[in-house]
Amino acid sequence: QVQLVESGGGLVQPGGSLRLSCAASGVILSIDTMGWYRRAPGKQRELVATITRSGSTNYADSVKGRFTISRDNAKNTMYLQMNSLKPEDTAVYFCNAQGSWAVGRRFDDWGQGTQVTVSS
């Protein structure tokens, strides 16, 4: 019932910046936790950062101090500002959202992913 669409990925040089967006649409009563995850070539999907509806955040150690997660609850949209990018940040980045689409009805959905490539 909930669709998540990521955007903002691309090719960037080491040290550069990108800003990812994730827009949620569909039948939504409320969105609780949203998060960014990534899967690098040959590796399992890993947590990048999460943010609660009240704005509490959690980051993977590998991105602390470089990435900033934020959200606009009115727009059901989440962002990931990525600075000082490194080649090891190359991955497909996925958006996740958990919430309710009706009273007592929960959802836990994923976007299709957006490619981020950090290379010179």
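Predicted model: local features only at pLDDT ≥ 70, side-chain atom pairs only at ≥ 80, totals over all residues.

Biologist: How many bridges join S4 to strand S5, and in which sense do they run?

Modeller: Five bridges join S4 to S5, whose residues are 46-51, and the two strands run antiparallel. They form a hairpin with six residues between them. In the turn, Gly-42 has a positive phi of about 75°.

Biologist: And what about S4 and S9?

Modeller: Those two strands also run antiparallel, joined by eight bridges. Within this pairing, Gly-99 in S9 is the bridge partner of Ile-31.

Biologist: Back to Arg-38 and Glu-46. What do their side chains do?

Modeller: They meet in a salt bridge, with an N to O distance of 2.7 Å.

Biologist: Are the two residues buried or exposed?

Modeller: Arg-38 is buried, since its relative accessible area is 5% and the cut-off for burial is under 20%. Glu-46 counts as partly exposed, because its relative accessibility is 35%, between the limits of 20% and 50%.

Biologist: Which residues do salt bridges with shared partners join into one network?

Modeller: The network is made up of Arg-38, Glu-46, Arg-66 and Asp-89.

Biologist: How many salt bridges are found in the whole structure?

Modeller: The search finds five. One of them is between Asp-61 and Lys-64, whose side chains meet at 3.1 Å, N to O. Asp-61 counts as exposed because its relative accessibility is 65%, and the threshold is over 50%.

Biologist: Changing topic to the aromatic residues: how many aromatic pairs are there?

Modeller: The count comes to one aromatic pair. The partners are Tyr-37 and Trp-110, with ring centres 5.0 Å apart and planes at 65°, so the pair is edge-to-face. The cut-off for that class is over 60 degrees.

Biologist: Where do these two residues lie?

Modeller: Tyr-37 is in strand S4 and Trp-110 is in strand S10 (residues 105-110), so the pair ties together parts that are 73 residues apart in sequence. Trp-110 is partly exposed, with a relative accessible area of 33%.

Biologist: Which charged residue lies over the face of Trp-110?

Modeller: Arg-45 does, at 3.8 Å from the ring centre. The charged end of Arg-45 also sits over the ring of Phe-94, 5.9 Å from the centre of that ring.

Biologist: Lastly, which strands form the open sheet, and in what order?

Modeller: Four strands form it, in the order S1-S3-S8-S7, and their pairing is antiparallel. The edge strands are S1 (2-7) and S7 (67-72), each of which pairs on one side only. On average, neighbouring strands of this sheet are turned by 15° against each other, direction ignored.

Biologist: How many bridges does S1 form with strand S3?

Modeller: S1 and S3 (residues 18-26) pair over six bridges in the antiparallel sense. Ser-21 in S3 is the bridge partner of Ser-7.

Methods
Residues numbered from 1 in each chain as written. Heavy atoms only, no water. Salt bridge = Lys/Arg side-chain N within 4 Å of Asp/Glu carboxyl O. Buried < 20%, exposed > 50% of the residue type's maximum accessible area, 1.4 Å probe, protein only. Pairing = 2+ DSSP bridges. Axes fitted to C-alpha atoms, helices over the stretch in contact; angles between N-to-C directions. Phe/Tyr/Trp six-rings, centres within 6.5 Å; stacked < 30°, edge-to-face > 60°. Lys NZ or Arg CZ within 6 Å of the ring centre and 35° of its normal.
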